[in-house]
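Please keep the structure in view while reading.

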Amino acid sequence: MIPLQSREIWKKHGVKKFETPDEFQSKFIQHVETTLARSLYNCDDLAAYQATSQSVRDNLVIDWNKSQQRQTARGSKRVYYLSLEFLMGRALDNALINSQDGSEESGVEKREKIKGAIDELGFKLEDLLEQEPDAALGNGGLGRLAACFIDSMATGDYPAWGYGLRYQYGIFAQKIIDGYQVETPDYWLNFANPWEIERSEIQVPINFYGYVDRSDNNGDGSTLCASKWIGGERVIAVPYDMPIPGFKTENVNNLRMWTARPTTEFDFAKFNSGDYKNSVEQQQRAESITAVLYPNDNFQEGKELRLKQQYFWCAASLHDIVRRFKKAKHSWEDFPNQVAIQLNDTHPTLAIVELQRILVDLEHLDWHKAWDIVTKTFAYTNHTVMQEALEKWPIGLFGHLLPRHLEIIYDINWFFLKHVESKFPRDVDLLSRVSIIEEASQERQIRMAFLAIVGSHKVNGVAELHSELIKTTIFQDFVKIYGPGKFTNVTNGITPRRWLKQANPKLGELISKAIGDPQDDYLLNMSKLTELAKFAEDEDFQSQWNDVKQFNKQRLADLIEKLYDGEDVIQRDNIRNTLFDIQVKRIHEYKRQQMNIFGCIYRYLSIKKLLSQGVPISEVEKKYPRKVSIFGGKSAPGYYMAKLIIKLINSVSDVVNHDKEINNIFKVVFIPDYNVSKAEIIIPASDLSEHISTAGTEASGTSNMKFVMNGGLIIGTVDGANVEITREIGEDNIFLFGNLAENVEELRYQHQYHGEPLPQELEEVFQVIEQGTFDGDFKPLVESIRHHGDYYLVSDDFKSYLQTQSLVDEVYHKNKKEWLKKSILSVANVGFFSSDRCIQEYADEIWNVEPLTN
Ligand code: NBY
């Protein structure tokens, strides 16, 4: 404790935020000359980016400290969002936009002022922003959702922390070599990261392996009593904090990311036996725990290191949460009134078991009292119904790594099954169906989703259709056991600060002018966007709206030219009447990029056919107006089919783009290394985007929302959040096609037993593929549809997909006014998909927490 008289000195020197451009410049130079030890003479863009970030971060840290003190002083309930992935992207521009505190008198935004100040210092803000590597600590939708959610939690003044892992390497960087995906390491930490604060004073020991010692249980052999777990391997968890600023609020929340370090206790037993090298190696192994993000989306690999990551992260986070709780000296019954923990998928399910262990083994609470606290604390979000993505761990592997946790899971299961048995006596089938331990397979496995349900008070899906599906399929029995009230829906959302204001500043400007909102309050209250509806048919407004789109298309064309080494892939002169058709997301069979590329092949063949019949190109163009099909996305490194789809797209691109005869009326582009910062360029440039998953497979999708928010129209199936997007923006403003989820089972059955013939259009496409028109061997791709049951129902939806694409062509090229009207109306009604709305729903319905205002 610092003595009272000294505190006066502290107060006298209290740190101040920079407010004016002048003060910013002074901070900037200070950081260049001291923090970076550089000078006027050797400050490049990278150093200027670092100095800018350090200066902005100083402001954030001051608010961060105040926010944390305020949250502690008020004793408010905190939310902890546990996610193994946070796909943050870049931080600087977001921090600048969010530093707008609403008190700007001049009407000139803070970001603009700093931009001017940077100009005066001899740099361009745009160039500095480009220096920042993406924080790509996630795979796709699930990780980006976590990033949008912490932005909205900070903005909504919720006392909330994110907990994750600080991977040394995020998702791999994708290179395309000869049309194939090649993975290279993501060196995002090569230069100092100004957005993180190392907290090396906090060191949490984490144990693995070992055995359970019950010798001091007074001969009571029950696993329910406090037991001592003697770990066999120990590592240290050290946190790095990332300040998360809210928009137009001084609230700054915390994202705490753990990193693994070796212990400083040296293994003297090994050392003394002369095994120095081995004992050093074992120490080095510690760091491997947080070395790399597993690059699978919607697929669980079942590797021991992954389970180690999960436990390391859950144990460190729980230790931190419990320590903070204990400091406030509440009684244990109060824990669920102080703490809400949200599980982003089943990846953090071990946190349930770890809290039960802490309460029973370390705090000596009675089992049932402890379990009551646990279940009131946790809630679980499900993101998939696909079997291959549902986590299961073989008990052998699990029990070896976490022997005490396995015992606790057995006991949780025992009490759960007893409860089921009492409710549904003698239903042995039910018991085996819902058991947390699956007995059917060769080796017994722990079903993590079932454990998460049993250990939580609420379970939610991420879009209406998906939340209904989990109740009638994978979790059906649990609805019977717990009643429908435990299951709920929170439809996903996205943060409009990044996905509108930051990614599309021109559209943001047009909107705020049109609806008379110079302070950008619509970014907090998206229902204000409905004001746009009255301009939907206003020709002057439509033309301004169109100009913004053209600007964004130009910006994307520049990026593509850069990525294609200066090749003018998208003809500059024709951008205005070229339809940009975009599908960017992880490559997965269920997302059906293969259907899109088959459609591209079909279009190409149709154009060629007309030309060969002697139809002049100007006539052909009337039927097949100018279009560029743009793809982007990563495949899991071990996912053979997805990699083949990438190769096919690149091979088709090669043929189509170099065919002089078609005179550039059609192009196919694959953008390598799709990530958050590329998405910010790509999404605002779309005329049309594709969300064409097999009905019932895409839990929600979130890029669909991003595209709509940027004035792009959608072609999509009746799946995930497309359903609610349609409801919000109106069915006239979306191009839906294809079979419905309710028919999928029947269609799959027919494929299996009757071998349906392929539609003629798909047959033609397969024939040219099989003739070797495109470089590569695509047999497995064709066979999976022709002979192996077409699990994703490409053949069933192909015709209606093509028909709907023709309709798109027609509206875009023959009725541009109609198109613009649809686009404006879509943005006017997209407000529901703000992640601020999601967070409010979670706070009210699941967490029972209130925003904390000044
Ligand atoms: O979560 C996605 C869903 O596919 C998408 O429909 C939804 O909008 C989004 C947000 O709710 N799921 C997803 O991205 N999942 C993963 O990335 C993922 C990663 C790893 C594992 C499983 C799923 N794993 O088991 O290792």
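## Surroundings of the ligand

The shell around the ligand is made up of six nonpolar, 13 polar and three charged residues, where Ala, Val, Leu, Ile, Met, Phe, Trp, Tyr, Cys and Pro count as nonpolar, Asp, Glu, Lys and Arg as charged, and the others, Gly among them, as polar. In total 22 residues surround the ligand, the closest being Gly-141, Leu-142, Asp-297, Gln-300 and Ser-700; a residue is near if its C-beta atom, placed from the backbone, lies within 6 Å. Domain 1 (75-91 + 132-492 + 840-847) and domain 2 (546-833) each supply at least three residues of this shell, with bounds from an automatic or database domain assignment.

## Basis of the model

This is a predicted model, in which local features need pLDDT of at least 70 and side-chain atom pairs count only at pLDDT 80 or more, while totals for chains, interfaces and linings use all residues. Residues are numbered from 1 along each chain as its sequence is written.

## The parallel sheet

Six strands form an open sheet with parallel pairing, in the order β22-β21-β20-β23-β24-β25; strands are DSSP runs of E, at least two residues long, and helices runs of H or I, at least four, numbered from the N terminus, and two strands pair if DSSP finds at least two bridges between them. At the edges, β22 (666-671) and β25 (735-737) each pair on one side only.

Strands β20 (residues 579-584) and β23 (residues 688-691) run parallel and are joined by two bridges, and Asp-581 has Leu-688 in β23 as its bridge partner.

## The antiparallel sheet

Three strands, in the order β15-β17-β16, form an open sheet with antiparallel pairing. Because β15 (392-394) and β16 (437-438) stand at the edges with a single partner strand each, one side of each is left without a neighbour in the sheet. Three bridges link β15 to β17 (residues 445-447), and Lys-392 stands opposite Arg-447 in β17.
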